[in-house]
Amino acid sequence: MTIKEKDFDRRRLLPSVDKVLRHSGLLIDKWGRSRVTDCLRNELIRIRALPIDDFGQEVTLDEIIKIVEHRLLMSDESSFRRIINLSGIVLHTNLGRASLPKKAIEAVVSVASCPTNLEYDLKSGGRGERDHHVEQLICELTGVEAATVVNNNAAALLLVLNTLADQKEVPVSRGELVEIGGAFRIPDIMIRSGCQLVEIGTTNRTHLRDYECAINHRTAILLKVHTCNFRVEGFTAAVEENKLSVLAKQNGIPLVVDVGSGNMIDMDKLGLPREPIVSKAVTDGADIVTFSGDKLLGGPQCGIISGRRDLINRIRKNPLKRALRPDKMIYAALAEVLKLYRNPCELEKELPTIRFLKRSVVEIEAQAKRLVPQLSAVLPNDYSVSADICNSQIGSGALPVENIPSYGLIVSAVNDARLIQLLNAFRKLPYPVVGRLSKGKLILDIRCLELETQFSTQLSELSDLLK
Ligand SMILES: *Cc1c(COP(=O)(O)O)cnc(C)c1O
């Protein structure tokens, strides 16, 4: 058979576009004629291109309408899925970092639903300032005079450097020229902000005299970056904020500190790895402190710039601020998250990030043990499941070597291929489950599993996926 004859034959097995459209009234009512027509054309092309074994017989009118309807329904589905994060990384950047507390979600829905006084002063009827919705709260919590908000901490650093150090020199310790996840590198952001990076000291040791030697009439600020995601051990030295702030003052230039995670509480007291506290940088004399909203702070994605009022005013006037400002939903969520910090008891109950980090191992262990028989029951018998100790991490740039003891479901398989199959099957569930592979086993860290039935009721679908 020549190609032409084959195509001719196969085309005759399909109803024509016109004929299908004449019988697709309900679809056209719902999706409109042009979308149904486009979808139908694409489906016919797809079916015609199938290998002869898959498409060798007639496709009825009803069948093709069903296929088109299914396609249209699928294309209307959100690409976002709710994921069950059993990776053990509490703040997982690829999974959207912090989950918001209930009050913040309600506030987002409220401001998203109708006009609101985002930048409108209800007393005077004049223009307001969007920062006012959160500024007082940030000042209260961190002890600064003023604050402003941008889209993330990378943007915060860009805006601060561009405002205070454009065309000028900024000395930074070589030990702090770090890369923080993805494409964010301190030297790159410094260059883009228009300032001139002056590398000082060495990777492992930088002294006060290195800063002293670097300062000249072209120096705009001193910058200290919290090197959150790695640690240099052994023969090391760095200059503390309190010493740097004295030097900055002597030279009449501001000290800018990027603390990264936006931690507000003493993690030691919660038995967690120590993270720098924003207010400590302020009492140590930083003139500007920047941090993320969606790391340990536990809020929406944003970057907070806090510090001296005169400097914050200059930063607000930078035209780039307009390009970097967050929308009303972010402000609404951030305000509610910050309010939780006024009451530590409420914070530990209501803020998911802190709640996950604070869970006791005993509680996690009990939950893991409860789930072992449920998972075992649905897995083919070339898998074996147990509960055992594992390690969680804070994630999002916090020290990866600092482990938080946790408990997990540990699954082993007869071989690697079978293990990968299981990993894939978990991702295909209605609520995809993300675990992690370690030493040839799949670990499902139970620390962040709050909706247990959402997880367990879908497990039965695994057996089909693993056939
Ligand atoms: C995470 C981090 C950043 C980047 O913050 P984003 O909010 O992700 O843009 C910058 N500096 C430090 C020290 C960080 O830890």
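In the ligand site, a backbone N or O atom of A154 lies 3.0 Å from an oxygen atom of the ligand, a polar contact being a pair of N or O atoms within 3.5 Å. Taken alone, the ligand exposes 390 Å², of which the protein buries 93%; accessible areas follow the Shrake-Rupley method with a 1.4 Å probe. The model is a predicted one, in which local features require pLDDT of at least 70 and side-chain atom pairs pLDDT 80 or more, whereas totals for chains, interfaces and linings use all residues. Residues are numbered from 1 along each chain as its sequence is written, and side-chain values use heavy atoms, with hydrogens and water left out.

A backbone N or O atom of N153 is likewise placed 3.0 Å from a ligand oxygen atom. From R97, a side-chain N or O atom is found 3.0 Å from an oxygen atom of the ligand.

Across the whole structure, 28 salt bridges are found, defined by a side-chain nitrogen of Lys or Arg within 4 Å of a carboxyl oxygen of Asp or Glu. One of them joins E43 to R46, with the closest N and O atoms 2.8 Å apart. Both E43 and R46 belong to helix α4 (residues 33–48), where they are 3 residues apart, about one turn of the helix.

Note on methods
Polar contact = N/O pair within 3.5 Å; in protein donor to acceptor, adjacent residues only side chain to side chain. Helix = DSSP H or I, 4+ residues; strand = E, 2+ residues; numbered from the N terminus.
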